[in-house]
Amino acid sequence: MDADITAAAIAAAGAVVAATVTTLLRSLFRRNIRDDIERELRIVAALRADSKARVTLMDKIERRVELLAAREEASRSWFGAGLAAVFLASFGWLTYLTASAGGWWWIVAVPAGFITLVMLPLGIRDLRKVPRDEQGRPLSDRQ
């Protein structure tokens, strides 16, 4: 097996392992917003009805409930993320092949590299969990 292919396979496996570990750690240490809201509601119940702190805390709880509702309606665009990943991998590989071929092939490597760089933020945008309409477009993008 070629050393370049081995190095690329090891790098890809490392990226997958790092992403998996990051996701697992994030889910283990994530605070439960519902538990926090319940605890704050018990505090509100213990405060006097005319307390300024009660009003402030109720505003905070309302904002958190709205955030929780928006987060539950959020989704990812798996089609867009998958399509970006396919283009990213394809044009990344094409960039590598044409750049390493030497000679006049670098002319192909430049636009392929550009397309590779453009696909990265597009894929990340589609992987973000945001509220979307029926067609899958982020609601924040619509005017």
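The legends below describe close-up views of a predicted model.

Residues are numbered from 1 along each chain as its sequence is written, and side-chain values use heavy atoms, with hydrogens and water left out. In this predicted model, local features need pLDDT of at least 70 and side-chain atom pairs count only at pLDDT 80 or more, while totals for chains, interfaces and linings use all residues.

**View 1. Overall arrangement of the protein.**
The protein has five helices and two strands, in the order α-α-α-β-α-α-β from the N terminus. Helices (H or I, at least four residues) and strands (E, at least two) are DSSP runs, numbered from the N terminus. Of the 143 residues, 20% are buried. Buried stands for under 20% relative accessible area, exposed for over 50%, and partly exposed for values in between (1.4 Å probe, protein chains only). Areas come from the Shrake-Rupley method with a 1.4 Å probe, and for residues only the protein chains shown count as cover. Among contacts between residues at least 6 apart in sequence, 55% join residues at least 24 apart; a contact means heavy atoms within 4.5 Å.

**View 2. Helices H4 and H5.**
Helix H4 covers residues 78-101, and helix H5 covers residues 106-127. The expected span of a helix is 1.5 Å times one less than its number of residues. For the 24 residues of H4 this gives 34 Å, and the end C-alpha atoms are 34 Å apart, which agrees. The buried residues of H4 are Gly-80, Ala-81, Ala-84, Thr-95 and Thr-98, and they pack against H5. In H5, the buried residues are Ala-109, Ala-112, Gly-113, Thr-116, Met-119, Gly-123 and Asp-126. Their cover includes H4. H4 is followed by Gly-102, which has a positive phi near 75°.

**View 3. Surroundings of Asp-126.**
Asp-126 belongs to H5 and counts as buried because its relative accessibility is 11%. Apart from neighbours within four places in sequence, Asp-126 is in contact with Arg-76, Ser-77, Gly-80, Ala-81 and Arg-132. Trp-78 is 48 residues from Asp-126 in sequence, yet the two C-alpha atoms are 7.0 Å apart in space. Arg-125 forms a salt bridge with Asp-126, with 3.4 Å between the closest N and O atoms. A salt bridge requires a side-chain nitrogen of Lys or Arg within 4 Å of a carboxyl oxygen of Asp or Glu; by this rule the count comes to six. Arg-125 has 37% relative accessibility and therefore counts as partly exposed.

**View 4. Asp-36 and Arg-39 in helix H2.**
Asp-36 is found in helix H2, residues 33-46. With a relative accessible area of 5%, Asp-36 is buried, whereas Arg-39, at 42% relative accessibility, counts as partly exposed. The side chains of these two residues meet in a salt bridge of 2.5 Å, N to O. Asp-36 and Arg-39 are three residues apart in H2, so about one helical turn separates them. An α-helix has 3.6 residues a turn, so residues three or four places apart point the same way. The two side chains are also joined by a polar contact of 2.5 Å. A polar contact is a pair of N or O atoms within 3.5 Å; within protein, one must be able to donate a hydrogen and the other to accept it, and residues adjacent in sequence count only if both atoms are side-chain atoms.

**View 5. Lys-60 and Glu-40 between helices H3 and H2.**
The side chains of Lys-60 and Glu-40 form a salt bridge of 3.4 Å, N to O. This pair links distant parts of the chain, with Lys-60 in helix H3 (residues 52-73) and Glu-40 in helix H2, 20 residues apart. Lys-60 counts as partly exposed because its relative accessibility is 34%; Glu-40, at 10%, counts as buried.

**View 6. Nonpolar patch around Trp-105.**
Trp-104, Trp-105, Trp-106, Ile-107 and Val-110 make a nonpolar surface patch of about 600 Å². Patches consist of residues with over 30% relative accessible area and no salt bridge, joining like charges within 9 Å and nonpolar side chains (Val, Leu, Ile, Met, Phe, Trp, Tyr) within 5 Å. Trp-105 lies in the loop between H4 and H5 and counts as partly exposed at 39% relative accessibility.
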